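Hello,

Here is the structure I promised to hand over. Please open it first, then read my notes below.

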There are 6 protein chains.
Amino acid sequence: VRIVIVNVNTTEAITESVRRQAAAVAASGTQIDAVTPFFGPTAVEGYFGSYISAAAVLDRVAAVTGDYDAVIEAGFGESAQAGLQEMVDVPVISITEAAAHLACLLGHRYSVVTTVNRAVRQISERLLVAGLNTRCASIRATGLGVLDLDRDAGLAMDKIAEAARLAVAEDGAEAICLGCAGMVDLRDRVAAAVDVPVIDGVAAAVKLAEAMHALRLRPRPAEKPSVPPEIVGWPLHRHLNLGTSPGKELSRVL
Amino acid sequence: VRIVIVNVNTTEAITESVRRQAAAVAASGTQIDAVTPFFGPTAVEGYFGSYISAAAVLDRVAAVTGDYDAVIEAGFGESAQAGLQEMVDVPVISITEAAAHLACLLGHRYSVVTTVNRAVRQISERLLVAGLNTRCASIRATGLGVLDLDRDAGLAMDKIAEAARLAVAEDGAEAICLGCAGMVDLRDRVAAAVDVPVIDGVAAAVKLAEAMHALRLRPRPAEKPSVPPEIVGWPLHRHLNLGTSPGKELSRVL
Amino acid sequence: VRIVIVNVNTTEAITESVRRQAAAVAASGTQIDAVTPFFGPTAVEGYFGSYISAAAVLDRVAAVTGDYDAVIEAGFGESAQAGLQEMVDVPVISITEAAAHLACLLGHRYSVVTTVNRAVRQISERLLVAGLNTRCASIRATGLGVLDLDRDAGLAMDKIAEAARLAVAEDGAEAICLGCAGMVDLRDRVAAAVDVPVIDGVAAAVKLAEAMHALRLRPRPAEKPSVPPEIVGWPLHRHLNLGTSPGKELSRVL
Amino acid sequence: VRIVIVNVNTTEAITESVRRQAAAVAASGTQIDAVTPFFGPTAVEGYFGSYISAAAVLDRVAAVTGDYDAVIEAGFGESAQAGLQEMVDVPVISITEAAAHLACLLGHRYSVVTTVNRAVRQISERLLVAGLNTRCASIRATGLGVLDLDRDAGLAMDKIAEAARLAVAEDGAEAICLGCAGMVDLRDRVAAAVDVPVIDGVAAAVKLAEAMHALRLRPRPAEKPSVPPEIVGWPLHRHLNLGTSPGKELSRVL
Amino acid sequence: VRIVIVNVNTTEAITESVRRQAAAVAASGTQIDAVTPFFGPTAVEGYFGSYISAAAVLDRVAAVTGDYDAVIEAGFGESAQAGLQEMVDVPVISITEAAAHLACLLGHRYSVVTTVNRAVRQISERLLVAGLNTRCASIRATGLGVLDLDRDAGLAMDKIAEAARLAVAEDGAEAICLGCAGMVDLRDRVAAAVDVPVIDGVAAAVKLAEAMHALRLRPRPAEKPSVPPEIVGWPLHRHLNLGTSPGKELSRVL
Amino acid sequence: VRIVIVNVNTTEAITESVRRQAAAVAASGTQIDAVTPFFGPTAVEGYFGSYISAAAVLDRVAAVTGDYDAVIEAGFGESAQAGLQEMVDVPVISITEAAAHLACLLGHRYSVVTTVNRAVRQISERLLVAGLNTRCASIRATGLGVLDLDRDAGLAMDKIAEAARLAVAEDGAEAICLGCAGMVDLRDRVAAAVDVPVIDGVAAAVKLAEAMHALRLRPRPAEKPSVPPEIVGWPLHRHLNLGTSPGKELSRVL
């Protein structure tokens, strides 16, 4: 099983921690390839960055060579999943949905703990479209930017744990989803701070991808238009002179 | 990993095919124990049978000895899950929800193909309560009773495949859930008849249980009352003189 | 008119107070028969107890002899109604729904005041399935167990009245439903504490049953399967050596 | 118990049949006073007529002298109920809601059979606002005007029965509400044509009013403004030189 | 372009300020005719007044002579729009909907700041029926009556600004709708008090009416019944000896 | 007033017809600048193209110099609006929402007539997120690709008119939204084919933009992060060596 995980931002350190977390939970026999977009924001914190990122995510996955069995979009609340799913014939799993699906299996209501205020609207719209909103008790922002998580991990940990505690105590959450791919390293410590399960969407998505592979479940291939429209400048990384060379396909060569 | 699967009816043949299907998809290292309730309907086809079955399911799981890591309730549209989850501290997964969760990951909208007309209301109420209804395109009844599935497998297959085809063509389903534990043997053949993924909830639940175990995710233990009410006649199988003897714990000895 | 009221727990004192309350509001000419299940929890406080109770309720009603015109399920938030309705051809009224229907006729929004925290989820799911949730302003738990209501009626009264006052003041409730059959005796005192109508579901259900009888309204008989599945061990009370003997049909002889 | 029923149109024959139907189901000891507005449409078939009628209904009830225990607004899908409820301190019951409440107690889903196409929107908005829409399977128009019901009762009967049959067969209705006060006389014949219960809202409202009276349930009196606005020209019937003289209070003297 | 604006109450000063506000935003070439009902409440603060007002609004518009291109109902949360739209073939715009539509274009969620508590239910039901409720963050009552707005403009201003500030800070509103036609004069001052756009529904409706005229968009004429029911006493102003004389058509002559 | 309209595809002919249609309805004094993205699909027909387009739309608007008063995103069902709104401080109007808002003012329910099947999901998710779905009767696909509209205008016209007629006759639509910016030239002819108003979103958006300008309504500026993340490769057109040179700012120079 080969799973491609695409980060939504261009911060290699986050790609790296996503890769580490995914590898830690992957079954033996699962190969994890985590890739970083060739362009786009170093952190996605709102719709403006999200839509630049979505194109970069499509572009980055288009540059992946060889066969793979699933794609994971490692951005919480992000948008590219439906676009990726039209591009490839294997399951494409967003970590937002992966986390929420497991959360629904673990408790009656779940909460999301995320970064900045602006992410709240975006996450709630994503859950609404995914039909996963009715059991969402709350989405709590910590006020931390994506890149703050790394800068002061102690402070980040405190704020995330506090938000999780409030979600349990005041909103009735019985499970917590970590609402940012940058939080994956903190899962165990957050879990120690509350008495409900804490779900990292990357890990959840890896196991769901493996499950779908084991069950030989693949989405119906997307309907292709008889005359597909041309795409000027696509794939972008070629036109940007970024991207892959033989033997380096999964590294960013910017 | 030890997974207990509890059938909702008292038909051993269905327990057996559930066990077989579960074992076929289980990872190496996963032990599947499928059990049959000590009392209750031979087939559950409506709320009357469902509520007798729910008590029997609780009773049967109470008789399971030894440790286990997950419980699967193998009845589509059935009710015991929330009760079981108060009883044990491991994840309890209903096949209704397991199938619907995977279906949501595989297509925009999914349909359920089930047995008798009366099951439609029950399944739709279960999906509503689970918050999994908004992406459900339709629930189609074949008119077949649970026990008809076995009596004339050819006819059953035809009707199920036809309902699945209509769900795809008319309701826009991009994934099909088999809406009865008695249909698990037919999955591959139904899948061959339509061009969308076909999901058997038992298999789905096994993989989700394994995923939760791998991720060390367990639900918060249910709040216990300080003074628990007594339960007259509980567990029922003891008072009915049914149930387990040493070394035979997982077999029905009625 | 003969109305059978089935308590959901095995506490005779609650059956007795339900009977008293029902008789107090029944029209002359209405016969009230309140019965207690032969087995099951002394108090239902969550889904585990609820599903044991549901089977016991079906079993108990199956033991009632003679004709009757309506069945009332006297458990707030409980589950057996839809099962009972498949079993008998007369109206089966749950006190949850009866209370909520009258509440909707009496005010724009209503609240439910109930016992333990865990009941909140169960009541809200019941109202959701019944389509009666949109005008429900809140469900407030007092933290009292079902059996606490009787042990310290003064304390119970204080807590219930306080919850009702908060529902009016903070949630905008214009009617209050007593969310437990064990609260029926307290209705008048709670009503004195708030300036909105207070509804006891048992009384409400009695009057609705009488109304339906007067209007000659009966549900369509439930579709019966051509080959009904067998039910192993049914009715349970016979196999448990509980139940009725001539002349004592409505008493519990455990 | 004295119940005032206010017709929403100015057709005395409909007031008369409403009175007859109400009296037929009223308990002994219940006095039914049916009144006709002093002005307004002879039939209400849309929002234009509905809003004229609503003012006329308020005006007509304002002219009723003496005490009464409940008011029933006898117009299906009509609007005055919330206004009446601010005017009087006894329960005000719309026949739309009364019928739908009983329908929900009698079947899983119900349908409404009404007159002209335009009424469909109005009824659906009324049920939405009342929170009674989720179990409504369909609202079917017969194309008959309110006054056609009387002109050719045979044709009316055929069309209503046909719509009811379709609601059962195609929409899954398990109860039918007659969606026009002008249909009350036809209830028994429609009921004979389908195998599900058929509910006349006037009869339903009478029994609900009696039930509320028996249970001593009254809505909280409407909050009165400290300085109530003046109402120019109110009550309208005085300014229109219509209305009541001593001893004739309940008759229309136009 | 000629736009008729009908106040919902009989307070000429409010009609006057509505007219002023409308004229201030109207394009050159737009003629604004603001009219006052011939009868009805001096202020509408609940459903009782609203339904009297609705009939008076229909009646007043029926008295307008000459052609016009749009009708605006200048009452927030009021009910006549759907009735007016069956009466005339030009667009009829309620200020409630006009304000909410623009608010949705200006921010993710909006709040309404209104007068008395009782208006909250009415506004929320109007937004629900209009399908404009999902993005409404809150409806906040100031406790001020409609006529208080004029009596102590300073106090009114303080309370409205405070409610708007709370809506932004606590409810997440990104736009504020002034929830009463009597507030139109205060828009600029409220806008100065918060950092989100503040929308007066009268101004919004004028621009929407102009837009529809420029785009030659008119609603489909309402279906007329083949045999329209008679309306006793209609139009009311004639029977009340109120209304228009030649050359004075738009003034109130009571 | 200067309004920037950004096409979502790279087909200049569509930009041109959008510009023409916008200019035709703009007030005198309104300057329309229609721009084409520097890269991206020649037609957007699904989420894959939509997300490439969204980045291209952000990129193209970033290249616009000088002040402007509103931005219109001319792609039905497309996604960039929320991203654009974080980028600029003037109103950003999507034609999807503009059309739906006017449709709600013109009829009780509206339908959308669009191009390929795949657009249906995308449009319905956009309306859901915008809270404009509840009055949407249907979204009907003609099966025509975006670029087919121009290739055979006669056939396109026939299919669109037929879909509109069915929406009126079968779905109860009282207004039709043209669900593709490529359809703007056909509006008058479609309008001639049905008896309900037909709305072109580009024209609607222009008038709404003018209305907001006249009312001095601007959205609250988007919260800016204290440390905005860097965006690698942004704006894309610079890195792609596309884009603007002095005096040519609004033309595409690829």
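This is a predicted model: local features need pLDDT of at least 70, side-chain atom pairs count only at pLDDT 80 or more; totals for chains, interfaces and linings use all residues.

Trp234(D) is buried, and Phe48(E) is buried too. Planes over 60 degrees apart count as edge-to-face.

Chains B and C have such a pair as well. Phe48(B) and Trp234(C) are edge-to-face, with 5.8 Å from centre to centre and 85 degrees between the planes. Phe48(B) belongs to helix H2 of chain B, and Trp234(C) to the loop between strand E10 (231-232) and helix H10 (236-239) of chain C, so this pair joins two chains. Buried or exposed, Phe48(B) and Trp234(C)? Both are buried.

Over all chains, the search of the whole structure gives 15 aromatic pairs. There is also an aromatic cluster, made up of Tyr47(A), Tyr51(A), Tyr47(F) and Tyr51(F).

Now the helices. Helix H2 (residues 47-62) of chain B meets helix H2 (residues 47-62) of chain C. Their axes come within 8 Å and cross at roughly 130 degrees. H2(B) and H2(C) are therefore oblique to each other. Their crossing is left-handed. On the H2(B) side, the contact uses Phe48(B), Tyr51(B), Ile52(B), Ala54(B), Ala55(B) and Leu58(B). On the H2(C) side, it uses Phe48(C), Tyr51(C), Ile52(C), Ala54(C), Ala55(C) and Leu58(C). The residues of this contact comprise 12 nonpolar, no polar and no charged.

Helix H4 (residues 95-106) and helix H9 (residues 201-214) of chain D pack at about 85 degrees, and their axes are 8 Å apart. H4(D) and H9(D) are therefore roughly perpendicular to each other. H4(D) brings Ile95(D), Ala98(D), Ala99(D) and Leu102(D) to the contact. H9(D) brings Gly201(D), Val202(D), Ala204(D), Ala205(D) and Leu208(D).

Finally, some chains do not touch. Chains B and E share no contact, and their closest C-alpha atoms lie 16 Å apart. Chains C and F share no contact either, with their closest C-alpha atoms 16 Å apart.

Best wishes

Notes:
Residues are numbered from 1 along each chain as its sequence is written. Chains are lettered from A and ligands numbered from 1 in the order in which they are written. Side-chain values use heavy atoms; hydrogens and water are left out. Axes are lines fitted to C-alpha atoms, for helices over the stretch in contact, and angles run from 0 to 180 degrees between N-to-C directions. Helices (H or I, at least four residues) and strands (E, at least two) are DSSP runs, numbered from the N terminus. Angles under 35 degrees count as roughly parallel, over 145 as roughly antiparallel, 65 to 115 as roughly perpendicular and the rest as oblique. A crossing is left-handed if the near helix is turned anticlockwise from the far one by less than a right angle, and right-handed if clockwise. Contact means heavy atoms within 4.5 Å. Ala, Val, Leu, Ile, Met, Phe, Trp, Tyr, Cys and Pro count as nonpolar, Asp, Glu, Lys and Arg as charged, and the others, Gly among them, as polar. Rings of Phe, Tyr and Trp (its six-membered ring) pair if their centres lie within 6.5 Å; planes under 30 degrees apart count as stacked, over 60 as edge-to-face and the rest as tilted. Buried means under 20% relative accessible area, exposed over 50%, partly exposed in between (1.4 Å probe, protein chains only).
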